[in-house]
Amino acid sequence: MADWNARWRAEALPTLADRDWDLIVVGGGICGAGILREAARRGWSCLLLEQRDFAWGTSSRSSKMVHGGLRYIAKGQFGLTRASVRERQRLLAEAPGLVDPLSFVMPHRGGFPGPRVFGGLLAVYDALAGKRNHLFYPLQELHFLVPGLDESGLEGGTRFFDAVTDDARLVMRVLGEARAEGGEALNGMRVLGLQREGARVTGLEAEDAESGRRFRFRARAVALATGAWADRLRRPEGRGHVRPLRGSHLLLPGWRLPLAHAISFMHPADGRPVFVFPWEGATVVGTTDLDHEGPLDEDARISSAEVDYLLAACAQQFPAARIGRADVLSTWAGVRPVVSEGDARLKPSDEKREHALWVEPGCVTLAGGKLTTFRLLALEVLRACAGFVGRRWTEVPGPVFAPTPTVKLPTLSLAQGVRLAGRQGRALPSLVPWVAALGAERVGATDTLWAELAWAAQGELVLHLDDLLLRRTRIGLLLAEGGRAELPRIRALCQPLLGWDDARWADEEDHYLTLWRRCYSLPDKDAS
């Protein structure tokens, strides 16, 4: 397979636009990637178009959790929880190194939910997953499990398990599975509108953000998996609509608040569940749940009030650590596409997290849903599309992820090899020459290898520098000032692979650093 890069994209785009497709998927997040993957598995001719970059929206700025939604049990959403925990187990089995177990501890301080109530919820949770996986620890044992936890009023803590991932890499690996089985995917393609013959959708018009050229694409069916943009292209019918809700996070250096487990607890201000957990060698504090009123086409950013809210959560559980603004390494804010019936009285956290399908002739719109259940959502969309495509729906059993090819990586540790295999999947052999050339050296204090940067620049359809540093890798989140100190070496390695001249690199670097300061660093203290 040819390298998947900007050069390939420019050459392939006219040909791809000239084809008749069974299915065109709009939206390059986890749901769109999942739809493309399942369509390709069934032999459908299928193409995905993403307006910005793969995983640019919610799917690179989620809370990184692959979980069953424990709190949904309390809301009576047993079906959603059952599906989620089973998909969590599937992903843990299929993608080690990309989806990994994460233990959670819920401290009990005499309020709701106490050990008995919480243990009861977890008993249901475990039953839905088919295995018992929780245990209560009294205070004298909790000392060793979570050093530094505030002990005032502490009765003990309950430990349970979910999973964690790099959400953007999850999207890339699912796209890789789809492309390996005949699907195609393009970023930088903004869909301007759907093409119709009478009442039926027959294709769409899209603009190439790189060249400004417009193309018309023909398809027997179109699947809209555009997340918070779901209301933009479809013909709205009924009461359901998308309510964009912002969830923001702080990232701290791992040494500043070292944790071996995620700590889940209720925020003192509003009783919402929040968490502090280890991720990629750093510590995440999240999340908020607010109506997002900013423009959807711009990167979401955390507000000063949200920063204070999350720091207060840290202070509640770890007061001796004295975590403050000066300790924050980076931030991110994602916009959740929550399906709402339009009841303005409902608080954001009271909205249900069920998804919806809206169907019109030739077009299916998916709204809402959870990262964990992307495969099930994809199957539901394809069932709805099958009649438009003229295909008889059949179940095609098999894993989301094909087994990773066995390769020799003698310069890497076992843990590095597992991590790399999880993130690359079928593409792992293409990375071997870069590992041989660059060895096991990591970028700064991150776990990211310089070899990963080189391979991403060459073969993962990077169009802009922020694609490379914020989504193909997480250097922009994990290093101080977005990795500014490493940019000269990144330039020396990646500029030739990207084919950019000096002026283009300077423009990309300036844009990236401006974006990082505006949307991935701390806002001014008095910013809204």
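Predicted model: local features only at pLDDT ≥ 70, side-chain atom pairs only at ≥ 80, totals over all residues.
## Overall form

The secondary structure of the protein chain consists of 17 helices and 18 strands. Its radius of gyration is 23 Å, close to the 24 Å that the globule rule gives for 528 residues, so the chain is as compact as a globular protein of that length.

Of the 528 residues in the protein chain, 59% are buried. Among contacts with a separation of 6 or more, 73% are made by residues 24 or more positions apart.

Helix 12 covers residues 428-438, and within it Leu-428, Leu-431, Trp-434 and Val-435 are buried. These residues cover an arc of only 105° around the axis, which puts them on the same side of helix 12. An α-helix has 3.6 residues a turn, so residues three or four places apart point the same way.

What do the buried residues of helix 12 pack against? Their partners are helix 11 (414-424), helix 13 (450-459) and helix 16 (487-498). The face turned away from the buried side of helix 12 carries Pro-433, Ala-436 and Ala-437, which are exposed. After helix 12 comes Gly-439, a residue with a positive phi, near 75°.

Rolling a probe the size of a water molecule over the atoms shows where empty space is left. In this model, the count comes to five cavities of 30 Å³ or more.

The largest cavity has a volume of about 80 Å³. Its lining is formed by 15 residues, and Gly-57, Arg-61, Trp-229, Leu-296 and Val-335 are those that lie nearest its centre. By residue type, the lining of the largest cavity divides into eight nonpolar, four polar and three charged residues.

## A charged lining

The second largest cavity holds about 50 Å³ of space. Which kinds of residue make up the lining of this second largest cavity? The lining has no nonpolar residues, two polar ones and eight charged ones.

Notes. Residues numbered from 1 in each chain as written. Heavy atoms only, no water. Buried < 20%, exposed > 50% of the residue type's maximum accessible area, 1.4 Å probe, protein only. Helix = DSSP H or I, 4+ residues; strand = E, 2+ residues; numbered from the N terminus. Arc of directions from axis to C-beta. Contact = heavy atoms within 4.5 Å. 1 Å grid on protein atoms, 1.4 Å probe; cavity = no way out; pocket = protein on both sides within 12 Å on 5 of 7 lines; lining within 4 Å. Points joined across faces, edges and corners; volume = space filled by probe spheres on them. Nonpolar A, V, L, I, M, F, W, Y, C, P; charged D, E, K, R; others polar. Rg over C-alpha atoms; globule rule 2.2 N^0.38 Å.
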